[in-house]
Amino acid sequence: MTIVMFDEILEAKEVAAMFKVSVRSITRLAEKGELVGFKVGDLWRFQRSDVESYIEAQKRKQQRETQ
């Protein structure tokens, strides 16, 4: 049997608090596919590593736009 370890799973409200935005803003990003997430029933969940990747991608995008 193989055990798969996942990094921390976050709720939409936790991601919203990290970004200092509304939960609706986070769910919109997820619905558009900009922020990788998955649904458990009707609730969005996010892996911490995906949230960190989104942040890094946004920083790189902003750096390219200011150059």
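A: Val21 sits in the loop between H1 and H2. Helices (H or I, at least four residues) and strands (E, at least two) are DSSP runs, numbered from the N terminus. The model is predicted, and local features need pLDDT of at least 70, side-chain atom pairs count only at pLDDT 80 or more, and totals for chains, interfaces and linings use all residues. Residues are numbered from 1 along each chain as its sequence is written, and side-chain values use heavy atoms, with hydrogens and water left out.

Val21 has 37% relative accessibility and counts as partly exposed. On this scale buried means under 20% relative accessible area, exposed over 50%, and partly exposed in between (1.4 Å probe, protein chains only). Setting aside neighbours within four places in sequence, Val21 is in contact (heavy atoms within 4.5 Å) with Ala16 and Ile26. Lys20 lies in the loop between H1 and H2 as well. Lys20 is exposed, at 74% relative accessible area. The phi of Lys20 is near 60°, a positive value in a residue other than glycine.

Ala12 shows how the parts meet: beyond its neighbours within four places in sequence, Ala12 is in contact with Val23, Ile26, Thr27, Trp44 and Phe46.

Three strands form an open sheet in the order E1-E3-E2, with antiparallel pairing. Strand E1 (9–11) and strand E2 (38–40) stand at the edges with a single partner strand each, so one side of each has no neighbour in the sheet. From one strand to the next the twist averages 45°. Two strands pair if DSSP finds at least two bridges between them. E1 and E3 are joined by three bridges, and three bridges also join E2 to E3. Lys39 has Trp44 in E3 as its bridge partner, and Val40 has Leu43. E2 and E3 form a hairpin with two residues between them, and Gly41 in the turn has a positive phi of about 65°. Helix H3 packs on the sheet, touching E1 and E3, and its direction makes about 75° with that of E3. Axes here are lines fitted to C-alpha atoms, for helices over the stretch in contact, and angles run from 0 to 180 degrees between N-to-C directions.

E3 is mostly covered, with four of its five residues buried. Arg45 lies in this strand. Arg45 is buried yet has no salt bridge, and the nearest side chain of opposite charge, Glu11, is 4.2 Å away. A salt bridge is a side-chain nitrogen of Lys or Arg within 4 Å of a carboxyl oxygen of Asp or Glu. Lys and Arg count as positive and Asp and Glu as negative, while His and the chain ends are not counted. Glu11 stands opposite Arg45 in E3. Apart from neighbours within four places in sequence, the contacts of Arg45 are Ile9, Leu10, Glu11, Gly37, Phe38 and Val40.

Elsewhere charges do pair: a search of the whole structure finds five salt bridges. One of them joins the side chains of Arg48 and Glu8 (2.8 Å, N to O). Arg48 lies in helix H3 and Glu8 in the segment before E1, so the pair ties together parts that are 40 residues apart in sequence. Arg48 is partly exposed, at 27% relative accessible area, and Glu8 counts as partly exposed at 43%. Arg24 and Glu31 meet in a salt bridge as well (3.4 Å, N to O), with Arg24 partly exposed at 40% relative accessible area. The side chains of Glu34 and Lys32 form another (3.2 Å, N to O). Glu34 counts as partly exposed at 41%, whereas Lys32 is exposed at 59%.
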